[in-house]
Amino acid sequence: MLAKRIIPCLDVRKGRVVKGKKFKDIVDVDQPEALGKFYSDNNADELVFYDITASNEGRKTSLEFVKRVADEINIPFSVGGGVSTLEDFNDILRKGADKVSVNSSAVKNPLLIKEASEKYGAQCVVLSIDAKKDKDGTWKVIINGGRKNTGLDAVEWAVKGVELGAGELVINSIDADGMKEGYDIDLLSQITQKVRVPVIASGGAGKMEHFYEVAEKADVDGILAASVFHYGEININDLKKYLKNKGIEVRI
Amino acid sequence: MNVIIDYGLGNLNSVQKGFERVGLETKISSDIHDIKNSDSLILPGVGAFRDAIKLLEEKNLKDIIIEEVKKGKSILGICLGMQLLYEKSFENGEYDGLGLVEGYIKKFDISLKVPHMGWNDLKIQKENPIVRYIKEGDYVYYVHSYYAKGREEDVVAYSEYEVKVPGIINKDNIYGIQFHPEKSGNVGHNILKAYKEIIR
């Protein structure tokens with residue numbers, strides 16, 4: 001049976017990790033490759049790197065760090081931020097990433113998903129969606145790092161993205177992000193009921209119970225978090241033992 | 001010299017890094033002389049079966065690989081590389097493979113999500129030096145939509161995904177790994193380490 005993936009997410013700005021300054025156990029926490037190796041050696045099931053400044057500044061993912069990280073780790077590795085062309089896919093995959101995630105650019109040009117999927121295979125095309133709850137109770141797609149509301153329905157966009165060829169979805173709740181009050185179970189459940197590709201929950205982790213809750217209730221395939229891991233609030237090994245005791249399949 | 005065959009598909013760098021970590025030097029090459037003079041071959045691959053076999057043919061590598069392996073040279077096929085070892089694949093049509101291992105490649109026809117993507121646990125079916133450093137229940141990382149149907153006696157280890165998915169196969173000097181050992185953390189590392197000792 002497939003294990004639920006526990007995925008630390010690292011935000012990189014100008015080749016340095018933004019979150020993670022209080023990280024224990026390793027010396028230079030700002031280095032993406034040092035943090036990547038730390039997680040790879042400590043039971044993370046996958047790593048996600050976002051070059052968070054890339055999209056907003058219209059700049060390309062700084063490829064240099066992708067290779068440095070890929071050389072250090074031996075778990076799957078997903079990279080996003082500023083990806084807008086097939087050439088970007090090619091460059092990032094060639095530097096050693098296994099998956100490339102698209103967000104804002106796919107909203108502007110949905111065919112990018114289709115073309116990338118046909119060329120590189122659905123398994124390496126990840127559609128990342130930032131969703132915000134609207135007054136009418138639906139969720140809307142937000143782009144450019146949380147700055148622009150597109151008015152698109154997030155659940156519909158998720159379904160459309162899979163039809164176009166996305167092999168995985170990362171669903172980030174803007175409302176839950178950073179609140180540490182748990183993942184957006186409603187949003188995630190709606191999406192997992194409608195698509196047949198892996199769905200990764202993002203945004204809202206504060207304590208171990210939140211991981212259990214989203215795994216159990218929303219049927220997600222992976223659970224992504226940033227600060228709780230980077231600041232050492234939750235240890236991945238402890239988390240996995242906890243989940244296993246609760247009957248969730250995890251890789252120990 | 002151990003040659004990672006470069007036919008234009010897949011991330012060869014991570015496979016090479018994986019072997020480097022266990023102390024096995026490899027050369028990435030599509031050169032016929034390199035392949036002929038090699039001590040062992042590694043056939044990686046990500047993508048479509050048809051494209052892969054076509055590229056191997058176009059680069060005149062198909063016959064040479066078959067010839068070398070039939071002479072007794074070790075080969076390790078990884079992911080699509082393992083599937084290429086079989087006689088046939090039914091991925092979007094019907095295509096001949098290298099025919100080094102009996103059986104064929106078929107699409108998952110199951111209720112679970114396809115591709116089979118993520119960490120799944122291995123069940124060890126048969127004693128074999130390649131599983132020397134791993135144990136029943138260890139997790140490995142898979143990404144694939146098609147799987148091998150071949151002889152039971154060739155299956156060393158498998159995973160359950162509604163159907164029985166051969167994870168590691170072996171027939172004489174031929175090994176195939178459906179998952180990605182280079183992406184499977186310590187377990188993958190230990191499999192590559194065992195393979196290094198096999199071909200030594």
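Predicted model: local features only at pLDDT ≥ 70, side-chain atom pairs only at ≥ 80, totals over all residues.
So, polar contacts between the two chains: across the interface of chain B and chain A there are 16 residue pairs in polar contact, both partners at pLDDT 80 or more.

Interface size is often quoted as the accessible area lost when the parts come together. Here the area buried between chain B and chain A is about 2,300 Å², and carbon and sulfur atoms give 49% of that. On the chain B side, three residues to look for are Lys113(B), Met117(B) and Trp119(B): they supply 34% of the area that chain B buries against chain A, more than any other three residues.

Lys113(B) comes up again when we get to charges. Two salt bridges cross the interface of chain B and chain A. Lys113(B) makes a salt bridge with Asp221(A), with the closest N and O atoms 2.7 Å apart.

Okay, zooming out, the structure holds 35 salt bridges over all chains. Let me show you a couple within chain A. Lys37(A) and Asp41(A) pair up through their side chains at 2.8 Å, N to O. They sit four residues apart in helix 1 (residues 32-41) of chain A, so about one helical turn separates them. Both are partly exposed: Lys37(A) at 34% relative accessibility, and Asp41(A) at 47%.

Compare that with Asp45(A) and Arg251(A), whose closest N and O atoms are 2.7 Å apart in a salt bridge. This one links distant parts of the chain, 206 residues apart: Asp45(A) is in the loop between helix 1 and strand 3 (47-51) of chain A, and Arg251(A) is in the segment after helix 10 (236-245) of chain A. Buried or exposed, these two? Asp45(A) is buried, with a relative accessible area of 0%, and Arg251(A) is buried as well, at 8%.

Over in chain B, Lys123(B) and Asp121(B) meet at 3.3 Å, N to O. Lys123(B) is partly exposed at 24% relative accessibility, whereas Asp121(B) counts as buried at 12%. Elsewhere, Glu102(B), Arg151(B), Glu153(B), Asp154(B) and Lys171(B) are joined into one network by salt bridges that share partners.

The largest one has 79 residues, and Phe77(A), Phe211(A) and Phe229(A) touch the most other members. Helix 6 (residues 154-164) of chain A contributes the largest share of this core, five residues. If you click on Phe211(A) and skip its neighbours within four places in sequence, you'll find it in contact with a whole list, including Ile6(A), Tyr183(A), Phe229(A) and Leu243(A). There's also a second, separate core of 33 residues, and among its members are Leu122(B), Tyr147(B), Tyr195(B) and Ile199(B).

Key: Residues numbered from 1 in each chain as written. Chains lettered and ligands numbered in written order. Heavy atoms only, no water. Salt bridge = Lys/Arg side-chain N within 4 Å of Asp/Glu carboxyl O. Helix = DSSP H or I, 4+ residues; strand = E, 2+ residues; numbered from the N terminus. Buried < 20%, exposed > 50% of the residue type's maximum accessible area, 1.4 Å probe, protein only. Buried area = accessible area lost by both parts, 1.4 Å probe. Polar contact = N/O pair within 3.5 Å; in protein donor to acceptor, adjacent residues only side chain to side chain. Core = buried A, V, L, I, M, F, W, Y, C linked by side-chain atoms within 4.5 Å. Contact = heavy atoms within 4.5 Å.
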